[in-house]
Amino acid sequence: MAIEAPTKSPRPPADAARGSDAYLEPNRVEALLSNNNVLHVHQPKRSTDGTIQRAVDTALAQNPSIEDPWTIVVHPGFYNEAVVINGQHISLVGYDPSNTVIYTDPKQGAYSVHGTQYPDGTTKWMGYPLTIEAEALPVFLGEYPMGHVNVHGLRFSNRHNPDGTGEGAPNHAAILVKSGGSIYNTVDPITISNCIIDGTEHAVEILGTLYDPIAYKAPPLIHFYNNLVRTAHFGLAAYGDVRLRSHGNQFWINSDGDIPWQDSDRIKAWKTGGIVHGSQSAGVLDTLSFLESHGDSIFMEGSDAKIGTMSGDYAAGVVINEAASGSAIEVAISGLVVRAVMDIADSFTLAGFYVLNGTNVWAAGRCKIFNSMFEVHQVNAAGPTDVVGINIAAVGAGDVVEVANCWIDGTNANGTAYAMETGETINRANVYSRLSNAAGGTYGALATV
Amino acid sequence: MATSPPLKAPRPMIDIYGDGSSDLFWPNDAEAALNNHNVIHVHQPRRTSYGVIQRAVDRVKAANPTPEDPWTIVVHPGFYCEAIMLDASNVSLVGLDPFNTCIYTDPNQGAANADTNRRDPLTIRNMDTALPTATLVENVGIHNLRFSNRNNGKGEGGPPTAGLFIGHRPNILGHAHTLPWNNVTVSGCVIDGVHDAIQMFGTTAEGFPQTSRPPLLFLQNNLFRCCHDAYTVKGDMRVVSTSNRSWVNANGQIPWLDDSRISGWKATGFHLNEGSQGIVAHNPFVFVDSNGDSFFVEASDNVGTGQGNVTGVLIYANFSNPDAYRTRWIDTVVRVECAYPGSVVLNGFQLLEQRDTGAVSTRDDHVIRGAMIDVHQRSTDPLATSDAIGIDIGGNVGSEAEVMDCMINVSNAGAGAAYAMRATRTVYRANIFSKQSNAAGGTYLAMPTV
């Protein structure tokens, strides 16, 4: 039964935190524009930090509920801060996804008042422009609510890897969704839509649960749709148990420093991936951890110009890395387009879909790719790597991957091009491929499966 | 090397009004405070004024936006009669209401054309075409606005105007070899054209001035409405098109377009015309990725003289060059509805690559998979002699296409036949479900031999 929102008379903005805070423009304008449960945020100058955070804290202090949610409207500008939302029923929205930028940059000092200290104990802080996390970091088994957080129409940029070393630095992302690590959290949906999300390393990083003590609950649910994701490394990466639904997004994975306003100095030796899911579930509700991708387009490109060595690394449209023992995830992909064009004189794995690790048994139907197109091209004649459309490099004995109604195009200026490569079972139907390699450019047959 | 954004002291708003009159609903104090750094709010007090947004663009350009210091122009709901030239980088043009924040041109209303050669409500490109000094226009975002070129003055044969135009028209004619733009994002817009909705002209040269990659364009969640071509694509570029909807109506039913100018239209959802002539370094060099787009094309006897095409997607090139383009279509929905009582070309997809020199390319290829294609001739007039074809593949030797996992439904109530596919060049096909019915009695015909 629907619950009606309470009828309210107009009230002044909840500006307890803003009354003396010039950064929130708490003047007559705010009073005019701030109606029920809406805060408008403006950025008077870039050197300030924490403007949006104060709005978030102000809104959450009102105890938003499903009948009484709060909205924060961020007006165009550059906001140098690391926002943390650790509550529910709140929306963070903008109307210029190109130039309403929430960013962190350690070169500029004030990039982060939140975050996690570096493992080495230094005073540096990781740069996450937005973190959505459980209401309280858990200390014991229990339910810690998060969710009903909606992010819409904004741009996020972690434009510079904090420790300055590029690949190998602590993970950081433009948006981090953090469910509390090893402890279960009750999670209502989190929605991220119509945003532009730029990352120097990750664009979006989702940390799900690793432990599931309550059998009837499900791990975090993320709706991620209509976003433009640009990064040099991983576009949308999920680790742990999570229900991730990715629809209609565009991913531009560029390792040459072409992403606007990202720090190209920090790019070297990247792995690259459009959507990455590394499940590490140890619970019993393995079927509730899944990746669903529908209508996503991933465009990847990289060259020797910036990428440096790629030896031993990979560039792949979708990566499944189930490194931990325990239960497995479900993968359901439909309507995916991957186009990877690499010009790198090095040995690495180039794939459209890549299972890097799969330590658990995937029964039939658990991992399926339907109605998708994969193009992988190595155009560098000095690159010895094989290219593979669907590469099931390592799965558990007895695993089954199902592929239907797909099209694969692989070309290789030096090594071999395969449609598929696997050591385990692939059930396939209506898979069409064309492959050409340096040997002569002819179309090859489907690789042995 | 990254640079730090400049630190600025607060400064007063920049306000742009149509005519400076005092009867504005906005602005007020609120507006004054909303104009913070690098943001201009534009309001339109009267429709007859001209150049309001252009003035905002000019001010932005004068500020020399950079990736670290971009500018935003917020257009508030209203009707803005002007032809904007956006020749600045690191700028976004955004609206709040994509239906009624309308930037339009209309020669019937006089003020639409300070430049009579430019009737596109918005043009994105550099103005300096001289080599090697031309400046790239890049990092442009267009969001949640409506553009309408509601009258091109002459109908078919008149200026090929568009609701949104990107690039330089002369490029494809073999003149300028420029990279006029790059990294443009258009999302959430409603784009109307009495001729085309969006026209994109890429580069005909490689490697200038920035990279060996041609311009990159992202189209997402837009609604294109027009009487002629929803998309026109010419020259080298990289287009990623996701979840856009096109409605091509040759009968004057597009809201607020001038149907008096509509006669004898071709009607096409996506029209890729003329390809690359650069020297390929990256492979593939030119591409169109369309994922989840839908094209609805309809024409009736109101269309006037029925010339040209009524086609969902048309790939056509007659430019002599050794290069190629690649198009990929996935989850595409095409519906072509025609009631014209005469002879027209009726296709869901038509792939023609007729290079005027007869150049052979083995690199042009087009892949259609997961598409649903409807093509229907509803007219029972005996003069309606055209065949209706779901996918028609022609072109020169070396052209090829792959079609798979599609559902095709073709009917013809006129004197012509109905075919799921027809091909004169190489086509690989598999897993295609089709039904065809024609005037002979609505029986299903077999797939033509390919």
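A network of salt bridges links A:Arg339, A:Glu375, A:Asp409, A:Arg434, B:Asp289, B:Arg328 and B:Glu402. A salt bridge here is a side-chain nitrogen of Lys or Arg within 4 Å of a carboxyl oxygen of Asp or Glu. The model is predicted: local features need pLDDT of at least 70, side-chain atom pairs count only at pLDDT 80 or more, and totals for chains, interfaces and linings use all residues. Residues are numbered from 1 along each chain as its sequence is written, chains are lettered from A and ligands numbered from 1 in the order in which they are written, and side-chain values use heavy atoms, with hydrogens and water left out.

The predictor assigns the complex an ipTM of 0.83 and a pTM of 0.86. The average pLDDT of chain B (the predictor's confidence in each residue, from 0 to 100) is 74, and 66% of the residues score at least 70. Residues 171-177 of chain B fall below 50, and this stretch has 20 contacts in the model beyond near neighbours in sequence. A contact means heavy atoms within 4.5 Å. Where pLDDT is low, the predicted coordinates should not be read in detail.

Chain B contains two helices and 32 strands. These are DSSP runs numbered from the N terminus (helices H or I, at least four residues; strands E, at least two). Of its 450 residues, 65% are buried. Buried means under 20% relative accessible area, exposed over 50%, and partly exposed in between (1.4 Å probe, protein chains only).

In chain A, helix H2 (residues 51-60) is mostly covered, with eight of its ten residues buried. Among them are A:Ile52, A:Val56 and A:Leu60. The buried residues of H2(A) pack against strands S1 (38-41), S2 (70-74), S3 (77-80), S4 (83-85), S5 (88-94) and S6 (100-104) of chain A.

Across all chains, the whole structure holds 19 salt bridges. One joins A:Arg230 to A:Asp198, with the closest N and O atoms 2.8 Å apart. A:Arg230 lies in strand S15 (residues 228-231) of chain A and A:Asp198 in strand S12 (residues 196-199) of chain A, so the pair ties together parts 32 residues apart in sequence. Both A:Arg230 and A:Asp198 are buried.

A:Arg339 and A:Glu375 pair at 3.1 Å between the closest N and O atoms. A:Arg339 is buried, at 0% relative accessible area. A:Glu375 is also buried, at 3% relative accessibility.

In chain B, a salt bridge joins B:Asp192 and B:Arg146 (3.0 Å, N to O). B:Asp192 and B:Arg146 are both buried.
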